[in-house]
Amino acid sequence: MDNPIREEQLYEDRKQNICIDILTDCRNELYMNMRFLDVSLSGLRFVRHDTIHFLGTDGVNLYYQPEQLMRAYASGKNIVNRGYFHTLLHCLFCHGFPERSNRGGIIKRDETYWNLACDMAVEFIMDDLVLRCIHLPKSPIRRQAEKRFREQKNSKALTAQKLYRTLCELRLPESEIAMYQREFGIDDHQFWYKERPGQPNNSRKRENWDDTREKMQTEMELFSKEAGQSQNTMSEQLQIANRKRYDYREFLRKFAIPKEVMQVDMDTFDYIFYHYGMQKYGNMPLIEPLETKEVNQIQDFVIVIDTSMSCEGELVKKFLEHTYEILREAESFSHRFHVHIIQCDDKIRHDQKITDREQMKHYMEHFEVLGQGGTDFRPPFTYVEELKSKGEFLKLKGLLYFTDGYGVFPLKKPDYDVAFIFMKEDYQDVDVPPWALKLIIEPDELDTEID
C-alpha cells in the first residue's frame, strides 16, 4: 500500500530539484553572455519560499516560489533569465538596503514610489542590453514610460534615485501607478530592509555588494570589446553608483583654521589628578580643566554662485539652503563669520556680505538669481583679489565655486584654497586645475528627507 505522506514528500523534493536546475541553468546562461557577472552571480544562494511572488532577495539568498518559477520557465526561458537578472541588479545597486545621505542620516522614502522606481530602473537597463538571453518584446506601455521618464529628466542613465524623484514630482494617479507596477514589478520586495538571524546586518550587506559592484565595473572595462556599445547604459549606472561620495559637511571643514575659543577643554582634563586632589586636600583639586579650547572653525571664506544659463535657480537655492544648515553648526563655524556670496556668470552680478547667521537666513529668504549669461570662472578671482587689497578679509581660507557647467579657469593658483562644486543630474567626471579641489554632487543628495 502506498504511503501518501511519502509520495507527497518525494513530489516536493522533485519539484525543488527541478527549480534548482532551472535557476542553475539560468545563472550559467547569464554568465556565458555577461562574463563580468561572475562574482555577483555567485553571491546569492537558492532558497525555496512558498509565500513570495516568483522571486525575491534579501541580499544573501535568492528566494523562489516553486509553482510560479516552473510556470514562468514553461512560458519562456527568457522570463526566468530576466527575473533572475532583475533581482540581481537590485542587489548590485543596493536598492533593498537603507541608504545614508551626505548628512549622515538614513534616507526616508515613500515605499510605493521607491519600489516602483527600483523596478523601472533595472528594467530600463535590461531593455538597453541587446542580448538574446534576456530579450523580451517591449510593450506599448513600456515604450511610452521609457520615453516619458527620459524626457522628464533629460537623462540617459535613469537611476532609481532619479526615477523616484520624478515620481514624487509627477504624483501620478493610483491607476497609473498600478499600471506601471504590473508592467515593471517582476520580483517580490518583502525582504528588503529586513535583517534576518544568522545573516550580516544591512550595513555589511551594502558593503559586500558595493565591493562586488566595483569589481564588476572593472570586469566590464576588461571585457569592453566583448560588451560592445549595447552596455553603455549599464556602465554609466555603475559609474554613478561606484563614485566616491563625500560628506559635504566634512568637505567644508577643509576650509577651517585653528582658533582659540572660550570653552572648557575636557580633552586635556586629567580626572585622576583632579580626584586625588579632592580626596587629599578636601575641595582643592590639583588640576582644573582649561578655560579655552583650540578648535578648527571657518571664519572667512567666499561662495561663488554660477548664475549662467546652464545653472538652474532652484538648484542654487537648494545648495545655499544646505550650506546654511551647516553654517548653523556652532562647532564648525565661529559665531560671527565673514562670508561674501558672489553671483557671477561671465561677470560679477552681485556681492552680498554676510557676517552672522541671521543675515544668512534673511539672504536665503529673499534670494534671487541674477545673471543668466555665459560661464567664465575668472572674474570672481580677480574680484576677490581686489577685496583682499582693501582689507576685507582677516584670513581668507578658501573659496567655494558652485556650478553645473564648464568655463574658463584661472591660470594661476591663488594663495587660498579653492573648491569647485559641480551639481550634475548625470554623474560625469570634470577636469579642474590641479590646484583646485573638486566635489560632484547630484540634486537628490541635497533635498532628501532623513530619519
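Visitor: What makes Arg 357, Met 360, Tyr 363 and Met 364 the buried residues of helix H15?

Guide: In this predicted model, those four residues of H15 (residues 357-365) are the buried ones; buried means under 20% relative accessible area, exposed over 50% and partly exposed in between, with a 1.4 Å probe and protein chains only. Helices are DSSP runs of H or I with at least four residues, strands are runs of E with at least two, and both are numbered from the N terminus.

Visitor: Why are they said to line one face of the helix?

Guide: Seen down the axis of H15, the buried residues fall within an arc of 120°, so they line one face. The arc is that of the directions from the helix axis to the C-beta atoms. Glu 358 and Glu 365 are exposed, on the face turned away from the buried side.

Visitor: What makes H1 oblique to H3?

Guide: The axes of H1 (residues 4-33) and H3 (residues 66-75) cross at roughly 50° and come within 10 Å. Angles under 35 degrees count as roughly parallel, over 145 as roughly antiparallel, 65 to 115 as roughly perpendicular and the rest as oblique, and that makes H1 oblique to H3.

Visitor: Which residues of H1 and H3 meet?

Guide: Contact means heavy atoms within 4.5 Å. Among them, Ile 18 and Leu 23 are in H1, and Leu 69 and Tyr 73 are in H3.

Visitor: How are the residues numbered, and what limits apply?

Guide: Numbering starts from 1 along each chain as its sequence is written. Local features need pLDDT of at least 70, side-chain atom pairs count only at pLDDT 80 or more, totals for chains, interfaces and linings use all residues, and side-chain values use heavy atoms, leaving out hydrogens and water.

Terms used
Axes fitted to C-alpha atoms, helices over the stretch in contact; angles between N-to-C directions.
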